[in-house]
Amino acid sequence: MTVYDLAYSLGVGATAPIWLLAPKLRRKVLEALRQRDGQAPQAPRGRPGILIHAVSMGEINATTALVNLLSQAVPELRFIITTTSLTGAARAKELYGKNPDVTLVRFPLDFSRRVARLLVAQRPKVAVLMELEVWPNFMVECQKRAIPVILVNGRLSAYSFRGYRLAGPLTRPMFRRLAAACVQEQAYAKRFARVGVVQERIRVTGTMKFDTAAGIDRVSGADAVGISVGLRLRPEKIWVCGSTGPGEEQIVLNVYARLRQKFPSLRLVIVPRHPQRFDEVAGLIHSAGLAVIRRSQANAQPATPTAASADALAVILGDTMGELRKFYSLADVVFVGRTLVDLGSKQHGSDMIEPAALAKPVIVGPFTGNFAEVMNRFREADSMREVGDESQLQNAVEELLLAPIAAAEMGQRAQDVVRKNLGATARHAEVILEALNSLGSGPGYMPEEEDEEDEEE
C-alpha cells in the first residue's frame with residue numbers, strides 16, 4: 001500500500017457517513033467502486049498497445065483523429081481507450097464499440113492494485129493522458145513497468161494550478177514522471193513547469209479541438225434532425241443554444257419571449273450540457289408557457305407543424321447525445337452555454353470552436369476561462385460576440401438576425417480562425433510515435449509473474 005492508497009482509503013472512510021446517507025451520492029460512489037476496478041480482458045500477444053485516457057465526451061471525440069493517425073503510421077497497433085464519466089463511456093462505445101483494434105475500459109480509481117490490474121492485463125507500451133488526468137499511483141505503476149506517460153492537449157486552469165501548488169510535496173513527483181507534456185498554449189506551459197514537469201519535456205502544440213471541429217458548412221444528417229422536430233429550415237430563423245448550464249436556460253427563455261415580438265417565426269433550440277438536466281429544462285420550457293418538442297421522441301412521431309399550429313413555435317429540446325453539431329449546422333445564430341452564468345471556474349466555458357468551424361455567428365458570455373487562448377484568437381479576428389448579461393444577449397441576437405450579411409461574415413472569420421489553427425493532433429501523434437519507436441518493436445510490458453498472480457486472484 002502506497003501513501004496515496006492510504007490517503008484514498010482514509011478519504012473514503014471519513015466521507016462514508018455523508019455518501020452512505022445520500023441515495024444519489026451513494027449510488028455514484030458504489031458504482032465507481034464496482035466499475036472502476038481495473039478489470040480488463042487479457043491483451044493479445046505480439047501487438048503493441050497504446051492506452052489513451054479521456055475523461056468525458058469532449059475528450060473522447062478528440063481521440064478519434066489521434067487514433068486514426070497512429071493507426072495509419074503503425075497498422076499493427078491496438079488501443080486501450082479508458083474513460084471516467086458515464087457520458088464519456090457511452091460516447092466511446094458509439095465510436096469504438098465495433099472496432100476490433102480497440103478495447104474499452106473504465107479508468108480505474110487510483111488505487112495501486114486496481115491500476116496494476118489494468119496495466120498487467122493490457123500491457124500498453126505507451127500511456128497517453130488527455131488534457132490533465134495525471135494520477136500519482138497511475139504514474140508510479142507505469143514507471144515500474146517502464147511505460148512512458150505522455151500528456152496531450154494539456155491544459156491547467158488557474159484553479160487547478162493553485163491546488164497542485166498547495167499540494168506540491170504530494171503532486172510534484174507525479175508530474176516529474178511525465179515523459180512529455182504537449183500543452184495547448186504558453187501560459188499552460190509555464191504552469192506545468194511550476195507544478196513539477198521537467199521543462200525540457202514540455203512542448204506547446206496547440207489544441208486538438210480545432211482538428212476535431214473540421215471546417216465544413218453542413219453536417220450530414222442535420223436536415224433530417226431538423227425536419228424530425230418540426231423545424232421549417234428555409235423560412236424560419238433558428239437560434240441554437242448549446243451546452244447550456246443551470247440558470248442559463250431561464251435567461252434564454254426570457255430573451256426568446258421578447259425576441260418573438262420582433263421575429264414572430266424565430267425558433268429556439270436548447271441543448272443542455274448534462275443529460276441529467278433534460279427533464280428539468282423541459283419543465284422550465286413548460287413553465288414559460290411554451291410547448292416543447294423533445295428530440296428523443298421525435299423519431300417515433302415526427303413533428304410536422306404548420307404556421308398556424310400550436311407547435312409552430314414550440315421550443316426544441318435537444319435531449320439526445322452526439323447531435324449538438326447537427327443542431328449547430330441548422331442555426332442562424334448560436335449561443336454557447338456555460339459562459340453567461342458563473343458556474344465555478346471548472347465550468348467556465350463550453351466548446352465554441354465547433355459552431356465556429358461551421359461558420360456560424362457565435363455569442364458567448366464572459367466566463368470562458370477554460371478556452372482562454374482559443375478566445376484570444378477569436379477576439380483577434382473579431383469573429384465572436386461576447387455579452388455580459390441577459391440584456392446584452394438579447395441585443396446581440398437581435399443585431400445578428402437583422403444583419404444576416406454581417407453575421408455571415410463574422411461566421412466566416414471564425415471558420416478561418418479554426419482552419420488556421422489545425423495540426424495539433426498530428427503534432428501529438430509525432431510525439432507519441434517518437435516514444436513508441438524509442439522502445440523498440442516488442443509487444444510491450446509482459447510481466448509473466450504478475451499475470452500468474454493476477455489469474456490466481
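Student: Why are R91 and E94 in helix α4 said to be separated by about one helical turn?

Tutor: Because R91 and E94 are three residues apart in α4, which covers residues 86-96. An α-helix has 3.6 residues a turn, so residues three or four places apart point the same way. Helices here are DSSP runs of H or I with at least four residues, strands are runs of E with at least two, and both are numbered from the N terminus.

Before we go on, a word about what you are looking at. This is a predicted model, in which local features need pLDDT of at least 70 and side-chain atom pairs count only at pLDDT 80 or more, while totals for chains, interfaces and linings use all residues. Residues are numbered from 1 along each chain as its sequence is written, and side-chain values use heavy atoms, leaving out hydrogens and water.

Student: What makes R91 and E94 a salt bridge?

Tutor: The rule asks for a side-chain nitrogen of Lys or Arg within 4 Å of a carboxyl oxygen of Asp or Glu. The closest N and O atoms of R91 and E94 are 2.7 Å apart, so the pair meets the rule. The count by this rule comes to 19 salt bridges.

Student: And why is E94 called partly exposed?

Tutor: Buried means under 20% relative accessible area, exposed means over 50%, and partly exposed is in between (1.4 Å probe, protein chains only). E94 has 47% relative accessibility, so it falls in the middle class.

Student: What makes the salt bridge of E236 and R267 a link between distant parts of the chain?

Tutor: Let's take the bridge itself, then the places. The closest N and O atoms of E236 and R267 are 3.3 Å apart. E236 sits in the loop between α11 (222-228) and β8, whereas R267 belongs to strand β9 (residues 267-272), and the two are 31 residues apart. Both E236 and R267 are buried.

Student: How do you know that R294 and D279 tie together parts that are apart in sequence?

Tutor: Their side chains meet in a salt bridge, at 2.9 Å from N to O. R294 lies in strand β10 (residues 292-294) and D279 in helix α13 (residues 278-287), so the pair ties together parts that are 15 residues apart in sequence. R294 has a relative accessible area of 18%, so it counts as buried. D279, at 56%, counts as exposed. In another place, salt bridges that share partners join E141, K144 and R145 into one network.

Student: How do you know that the length of helix α18 agrees with its number of residues?

Tutor: The expected span is 1.5 Å times one less than the number of residues. For the 13 residues of α18 (residues 390-402) that should be 18 Å, and the end C-alpha atoms are 18 Å apart, which agrees. Among the buried residues of α18 are L393, V397 and L401. The buried residues of this helix pack against several elements, including β8 (238-244), α12 (248-262) and α19 (404-420).

Student: What makes a nonpolar core, and which residues of the largest one touch the most other members?

Tutor: A core is a set of buried Ala, Val, Leu, Ile, Met, Phe, Trp, Tyr and Cys residues joined through side-chain atoms within 4.5 Å. The largest has 38 residues, and L231, V269, F327, M352, F378 and M384 touch the most other members. Helix α15 (residues 324-330) gives the largest share, four residues. A second, separate core of 33 residues includes A40, V105, A127 and L129.

Student: Why is R36 called buried?

Tutor: R36 has a relative accessible area of 12%, so it is buried. R36 is found in the loop between α2 (23-35) and β1 (49-54). Leaving aside residues up to four places away in sequence, R36 touches E31, T84, R106, F107, P108, L109 and R114, where contact means heavy atoms within 4.5 Å. R36 and T84 are 48 residues apart in sequence, and their C-alpha atoms are 8.3 Å apart.
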